[in-house]
Amino acid sequence: SQPWVYFVWCVVQDFVFFALLLRSLEDLTLPPVAIVITSLMFGFSHYPYTTLVGVTVLAGAVWSYAFLKTRSLFLITASHWLMGVVLLGQ
């Protein structure tokens, strides 16, 4: 796979999970609950790659917190892409 294709996929994932899901959950519940739900859903979206599920649950929690503080996807997507390139050799 080409790194730029993976970058586009990261943009899509991050928009769906953080800009849409997390923001919607934030309106319905407390921020820590929204972070937990979002990070679990983000992590399990990487199933059946079980090793990635654990890593991406943790990364999803960090990125969720960062999004709630900054309202920016730029650094989240950049770090998501970099993590994927390093871990998956994209």
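**Figure 1. Overall fold of the chain.** The secondary structure of the chain comes to 4 helices and 0 strands; helices (H or I, at least four residues) and strands (E, at least two) are DSSP runs, numbered from the N terminus. Along the sequence the pattern reads α-α-α-α. This is a predicted model, in which local features need pLDDT of at least 70 and side-chain atom pairs count only at pLDDT 80 or more, while totals for chains, interfaces and linings use all residues. Residues are numbered from 1 along each chain as its sequence is written, and side-chain values use heavy atoms, with hydrogens and water left out. Taken along the principal axes, the C-alpha atoms of the chain fill a box of roughly 40 × 25 × 15 Å. The radius of gyration of the chain is 12 Å, which agrees with the value near 12 Å for a compact globule of 90 residues; this radius is taken over C-alpha atoms, and the globule rule is 2.2 Å times the number of residues to the power 0.38.

**Figure 2. Surface and contacts of the chain.** Of the 90 residues, 34% count as buried. Buried means under 20% relative accessible area, exposed over 50%, and partly exposed in between (1.4 Å probe, protein chains only). Among contacts in the chain with a separation of 6 or more, 63% come from residues 24 or more positions apart, where contact means heavy atoms within 4.5 Å.

**Figure 3. Aromatic pair Phe7 and Trp81.** A search of the whole structure finds 5 aromatic pairs. One of them joins Phe7 and Trp81 edge-to-face, at 6.4 Å centre to centre and with 80° between the planes. Phe7 belongs to helix 1 (residues 3-28) and Trp81 to helix 4 (residues 74-88), so the pair ties together parts that are 74 residues apart in sequence. Phe7 is partly exposed at 37% relative accessibility, and Trp81 is partly exposed with a relative accessible area of 26%. Rings of Phe, Tyr and Trp (its six-membered ring) pair if their centres lie within 6.5 Å; planes under 30 degrees apart count as stacked, over 60 as edge-to-face and the rest as tilted.

**Figure 4. Aromatic pair Phe17 and Phe42.** Phe17 and Phe42 form an edge-to-face pair, 5.3 Å centre to centre, with 85° between the planes. The pair links distant parts of the chain, with Phe17 in helix 1 and Phe42 in helix 2 (residues 31-44), 25 residues apart. Phe17 is buried with a relative accessible area of 12%, and Phe42 is buried at 0% relative accessibility. Phe17, Phe18, Phe42 and Trp63 form one aromatic cluster.

**Figure 5. Buried side of helix 2.** The end C-alpha atoms of helix 2 are 20 Å apart, which agrees with the 20 Å that its 14 residues should span at 1.5 Å a residue; the expected span is 1.5 Å times one less than the number of residues. In helix 2, Ala34, Ile35, Thr38, Ser39, Phe42 and Gly43 are buried. These residues cover an arc of only 150° around the axis, which puts them on the same side of helix 2; the arc is that of the directions from the helix axis to the C-beta atoms. The cover over the buried residues of helix 2 includes helix 1, helix 3 and helix 4.

Figure 6. Thr38 lies in helix 2 and is buried, with a relative accessible area of 0%. Leaving aside neighbours within four places in sequence, Thr38 is in contact with Phe17, Phe18, Leu21, Leu22, Leu25 and Ser64. The C-alpha atoms of Thr38 and Val53, 15 residues apart along the chain, are separated by 13 Å. Gln13 lies in helix 1 and counts as buried at 7% relative accessibility. Not counting residues up to four places away in sequence, Gln13 touches Phe42, Ser45, His46 and His80.

**Figure 7. Backbone details in two loops.** The peptide bond from Tyr47 to Pro48 is cis, with omega near 15°. Pro48 is placed in the loop between helix 2 and helix 3 (50-70). Arg71 is not a glycine, yet has a positive phi of about 60°. Arg71 is in the loop between helix 3 and helix 4 and is partly exposed, with a relative accessible area of 40%.
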